[in-house]
There are 2 protein chains.
Amino acid sequence: MISEKMKALVAGSSVTRAMFEEGNRLAKIYGRENVYDFSLGNPNVPAPEKVKNAIIDIVNTVDPIKLHGYMSNAGYEEVREKIAASINKRFGMNYGANNILMTVGAAGGLNVILKVLLNPSDEVVVFAPFFGEYKNYVSNYDGNLVVVSPDTATFQPKLDEFEAKITAKTKVVIVNSPNNPSGVIYSEETLTKLSEILVKKEKEFGTSIYLVTDEPYRELAYGNVTVPYVPKFYHNTVVGYSYSKSLSLPGERIGYLVIPAELDDYEDVWGGACVANRILGFVNAPSLQQLFLAECLDESTDISYYERNRNTLYDGLTKIGYECPSPEGAFYLFMKTPIDDKEFCEKAKKYNILVVPGSAFIFR
Amino acid sequence: MISEKMKALVAGSSVTRAMFEEGNRLAKIYGRENVYDFSLGNPNVPAPEKVKNAIIDIVNTVDPIKLHGYMSNAGYEEVREKIAASINKRFGMNYGANNILMTVGAAGGLNVILKVLLNPSDEVVVFAPFFGEYKNYVSNYDGNLVVVSPDTATFQPKLDEFEAKITAKTKVVIVNSPNNPSGVIYSEETLTKLSEILVKKEKEFGTSIYLVTDEPYRELAYGNVTVPYVPKFYHNTVVGYSYSKSLSLPGERIGYLVIPAELDDYEDVWGGACVANRILGFVNAPSLQQLFLAECLDESTDISYYERNRNTLYDGLTKIGYECPSPEGAFYLFMKTPIDDKEFCEKAKKYNILVVPGSAFIFR
């Protein structure tokens, strides 16, 4: 009796989530310390101590009517101002409170912006391999997903194929750098070319094409690599940010959208996003989370921990003959399996090792 | 460049929210104490002291990896068990953890269950006057809203009209008691008759009709009135609950769905709801909120404060000639205006009084 769309979704539900649940099941049998769970992007560096202190300070000093109450659907104005100021300082932008919409994580933010932009059968371009949820988010608003095949040598986007796949129906392009699952970071050169293609295609079709950049891994980059700030490269860019990985707060559901004033139809997009945040049932990002993170904008997670993990795994695996791109950022490793990927994951499970088949990232 | 659906939504955006924003604007000019804001359902009784203590205790004692981490999309199992036990004790039910899905408030919960149940053009029946957001939630999943006109004498549902409006396409019926905006509580007699009609119609059409009961005001009932527990009356009932009003936490976005095992296709509905919670972008209800409210299940807000407000307003307004049903619950008062309702609200604004026109509740 559930909807047809939902039936298909339940049947093909997230392999990553299924592995996570399997890990919890095995942990009950063998003990948590004997299960090697590489499934979900659940940070294992604790949140900075400042988070705890900020929470205690806030509940002790802020009037509970304000602290726990409704605010504007976009979030507390002073929180949005602080975030804008922090971005302006780091990346030389010129944002104000009305460019920052507080969201229930990046997942909430992506749903909000897709709800605002997509008419049924509008096209959304993604680059394989990609986070499988994009497919579901696009389907929520009846958009059509257009997949650009992967360059398995570099895992940088195939820009020729990208250009050929843009049509008059292309409304949104999603990029994700540092990338889940490959760990690759899009270079300034890549972003410059990508922008040139978009500008050209906007003119050719007389349309607006919005570039949505999903950035939960922005702060997780290793060595001397820098992660370019995408809105500097293309006028119609919307940023989806999350504190899930940067402050190790994935369960708390806190992030924001950047909706720059130079966007085509900025007023409509901003107004629409405020309404979408409300009617999709988020209403607003959780109030306590908004207030405590505003006190933690200069905090960061312990990157050296992830870098050590990356080096251990990458060096160890390549030494024994596995192939994979060296992740420059994020905390994933996208390894070529010597046998069918699903079979490989099933075999690994017998050793209490939970890994996710690459095909879950619609690698084609 | 925003979607057609969104354009209409922005144009006809929430009058209640607009009044709330107007109140904030006036407060900046005249001072908060000189603005009488009766717009949004923002509780003005502070959250119980226990909330603060529970938060401090949790951040001091729970491992941050667990506290701020991902858990199952349904929420922490131990939290769901505690809530189930609390409901079982209060209402004599037999729920377990797999009947309780933690949600981003009732708004999140209603979106989840509608996403699970509705095929495009399925019908959702509501009773006027009703919370205007239902219209948007149903539209999110391309359902058709069917409105039963109000009985302006009693504001109890018109059951004859209800029965006549049920068709083979009816998938969901939404009730909301204590009611926003009328304050009326559905009696046991009303619920018994409503259930009889639904059972009869399910047989007649060979369909499952789900009764979704939206219960943010359950704990706000005055005098000796009791609020019947709807799942006791009808087998296919899903409860949407929120702690927004009962613990004065609307900004924190925390609530749950009850998905009873006796539901038609329970496994599919439960599985679908877990997936919908994820792909709609909620992922899970905020983790800290889940953990602290589990420590506050026996707490309640100060009802006497709202009861005093109700008596002051109801007695004062009826004495000078206004007509309205006496609210038995919730914290609204649905008053007949002597002139056009929108004109009335505009005039009230000149005295810094923010009230919402009844037509916003699709009173027809």
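In which helix of chain B does B:Thr16 lie? In this predicted model, B:Thr16 belongs to helix α2 of chain B, which spans residues 15–30. The residue counts as buried, with a relative accessibility of 18%, and, when residues up to four places away in sequence are set aside, B:Thr16 touches B:Ser39, B:Leu40 and B:Val356. The C-alpha atom of B:Thr16 is separated by 9.1 Å from that of B:Gly41, a residue 25 positions away along the chain.

The contact between the two chains draws on 82 residues from chain A and 81 residues from chain B. Together, chain A and chain B bury about 6400 Å² between them, and 55% of this area is on carbon and sulfur atoms. On the side of chain A, the residues that lose the most area to chain B are A:Met1, A:His68 and A:Tyr70, which together account for 13% of what that side buries. With both residues of each pair at pLDDT 80 or more, 41 residue pairs are in polar contact between chain A and chain B. Several helices of chain A, namely α1 (4–11), α2 (15–30), α3 (49–61), α4 (64–67), α6 (105–117), α7 (133–140), α10 (266–279) and α11 (287–294), each supply at least two residues of the side that touches chain B. The largest share of that side comes from α10(A), which contributes eight residues. By residue class, the side of chain A that touches chain B divides into 39 nonpolar, 26 polar and 17 charged residues.

Side chains of opposite charge can pair when their charged atoms come close. Four salt bridges are counted between chain A and chain B, and in a salt bridge linking the two chains the side chain of A:Lys28 meets that of B:Glu77, with an N to O distance of 3.8 Å. Over all chains, the count of salt bridges comes to 38.

Further salt bridges are found within single helices. In helix α9 of chain A, A:Glu189 and A:Lys193 lie four residues apart, about one turn of the helix, and the two form a salt bridge in which the closest N and O atoms are 3.2 Å apart. Of this pair, A:Glu189 is exposed, with a relative accessible area of 53%, whereas A:Lys193 is partly exposed, at 40%. In helix α1 of chain B (residues 4–11), B:Glu4 and B:Lys7 are three residues apart, again about one helical turn, and their side chains meet in a salt bridge at 3.3 Å, N to O; B:Lys7 is partly exposed, with a relative accessible area of 37%. In helix α3 of chain B (residues 49–61), B:Lys52 and B:Glu49 are three residues apart and therefore separated by about one helical turn, and a salt bridge of 3.6 Å, N to O, joins their side chains. Here B:Glu49 is exposed, with a relative accessible area of 52%, while B:Lys52 is partly exposed, with 25%. In chain A, moreover, A:Asp122, A:Lys169 and A:Lys171 are linked in a network of salt bridges.

Backbone geometry was also examined. Most residues other than glycine have a negative phi, and most peptide bonds are trans. In chain A, however, the peptide bond from A:Ala128 to A:Pro129 is cis, with omega near -5°, and A:Pro129 lies in the loop between β3 (123–127) and α7. A cis peptide bond likewise joins A:Ser177 and A:Pro178, where omega is about -5°, and A:Pro178 is placed in the loop between β5 (170–175) and α9 (188–205) of chain A. In chain B, B:Ser248 has a positive phi, near 55°; this residue is found in the loop between β7 (237–242) and β8 (255–258) and is buried, with a relative accessible area of 4%. B:Ala330 also has a positive phi, near 60°; the residue lies in the loop between α12 (303–319) and α13 (341–349) of chain B and is buried, with a relative accessible area of 2%.

As regards cysteines, the count of disulfides over all chains is zero. B:Cys274 counts as buried, at 17% relative accessibility, and B:Cys296 is likewise buried, at 2%.

Conventions. Residues numbered from 1 in each chain as written. Chains lettered and ligands numbered in written order. Predicted model: local features only at pLDDT ≥ 70, side-chain atom pairs only at ≥ 80, totals over all residues. Heavy atoms only, no water. Contact = heavy atoms within 4.5 Å. Buried area = accessible area lost by both parts, 1.4 Å probe. Polar contact = N/O pair within 3.5 Å; in protein donor to acceptor, adjacent residues only side chain to side chain. Nonpolar A, V, L, I, M, F, W, Y, C, P; charged D, E, K, R; others polar. Disulfide = S-S within 2.5 Å. Buried < 20%, exposed > 50% of the residue type's maximum accessible area, 1.4 Å probe, protein only.
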